[in-house]
Amino acid sequence: MIGSSPSVTHLYAQAILQAARRRGMVLPESVTCEVVPGQRVPLAVQDQLWDEYCRASGEPLAGLEIGLALQIGHLDSAGMLLVSCDTLREGLEALVEYAPVVGDGGEFSISEDADRIRLCYQPGYRVRVAERVEAVMASLVRLTGWATGDAFRPEALLLAHAPLADEAAYRQSLDMPLAFNAGRNCLQLPRDQGDLPLIQANSALRDHLRQLADHTLESLGHQSLSRQVSTLVREHPGWGKERVASELAVSGRHLNRLLADEGLSFKVLRERELHRLAVDLLRSGQTVVSVSGRLGFSEEAAFARAFRRWEGVSPSRFRSGASG
């Protein structure tokens, strides 16, 4: 069954309205009246908010500024859940799982090898994409630094788009290495940073908030079509588009159209889940041959080529590093 319409928590939408007030800007009431306390905000309204804000501010780094000003409270109960985890690694893993509580605008994925942890973000919207990605990634840098008592030392921030302003302005705001036109949006950190303790760690609160977040996800009807497709691919990696579409009671062509509405495609989603699953299985100690078969590749060489494209190393080398 197809999920509900994409939306975001009103608290996240409020971050834009608060930024507008700080600048003395007045956004159209026809848009702002749609942000009602306690009610989810349709993604289409969030699109309008971003577009109006960026146009009115005239600031090329408007998204970056909003991201750096974001507070834990803007992330609803998921925000407190993340910072109440024991370690940074646990918090990042919770982010991947519970990001839909905040909004359906994109998805996070996390991977780890012998040297580093990568937290990547795939946007699912089409309006003001670069500005909104910068808001998301900047908020990650800022809030992660706060949650670790400023012990966080990221390796680099990769952004898929070209810079919206002089790169010196980015470096001044973020104080970390950046790479643009990188093909993906990814925060890279040394692997040992995953063990950093979080200053607000509270296991009892974390467990309580996890129950609330689970209830929210359930009440939202699994959030989005892309999330349903991702789950099916992960559970049945050998399934193609038509088989997945059949499970969702739509045609393959209609599935493509629905995913396009979320700014995604079946091919992108399937590749992403196969990548995640391959990393997890190899890290658990399974052989390259067994992982290749599990993921539905016709031959090991084809899997090796795909994995090298995903991770930059062969699956056998990745497996050796993960177990070393």
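The model is predicted: local features need pLDDT of at least 70, side-chain atom pairs count only at pLDDT 80 or more, and totals for chains, interfaces and linings use all residues. Residues are numbered from 1 along each chain as its sequence is written, and side-chain values use heavy atoms, without hydrogens and water.

**Helix H1.** Helices are DSSP runs (H or I, at least four residues), and strands are runs of E (at least two), numbered from the N terminus. H1 covers residues 10–22. Its buried residues (under 20% relative accessible area; exposed is over 50%, partly exposed in between, with a 1.4 Å probe and protein chains only) include His-10, Tyr-12 and Leu-17. Just after H1, Gly-24 has a positive phi of about 70 degrees.

**Helices H10 and H12.** H10 (residues 225–235) packs on H12 (residues 252–261) at about 125 degrees, with axes 9 Å apart. In H10, Leu-225, Ser-226 and Val-229 meet Leu-255, Leu-258 and Leu-259 of H12; contact means heavy atoms within 4.5 Å.

**Salt bridges.** A salt bridge puts a side-chain nitrogen of Lys or Arg within 4 Å of a carboxyl oxygen of Asp or Glu. The structure holds 23. One network links Asp-51, Glu-52, Arg-55, Arg-128 and Glu-131.

| Pair | N to O distance |
|---|---|
| Arg-206 and Asp-86 | 3.3 Å |
| Glu-107 and Arg-272 | 2.6 Å |
| Arg-116 and Glu-155 | 2.8 Å |

Glu-107 and Arg-272 are both buried. Arg-206 counts as buried, at 13% relative accessibility. Asp-86 is partly exposed at 37%.

Note on methods: The expected span of a helix is 1.5 Å times one less than its number of residues. Axes are lines fitted to C-alpha atoms, for helices over the stretch in contact, and angles run from 0 to 180 degrees between N-to-C directions.
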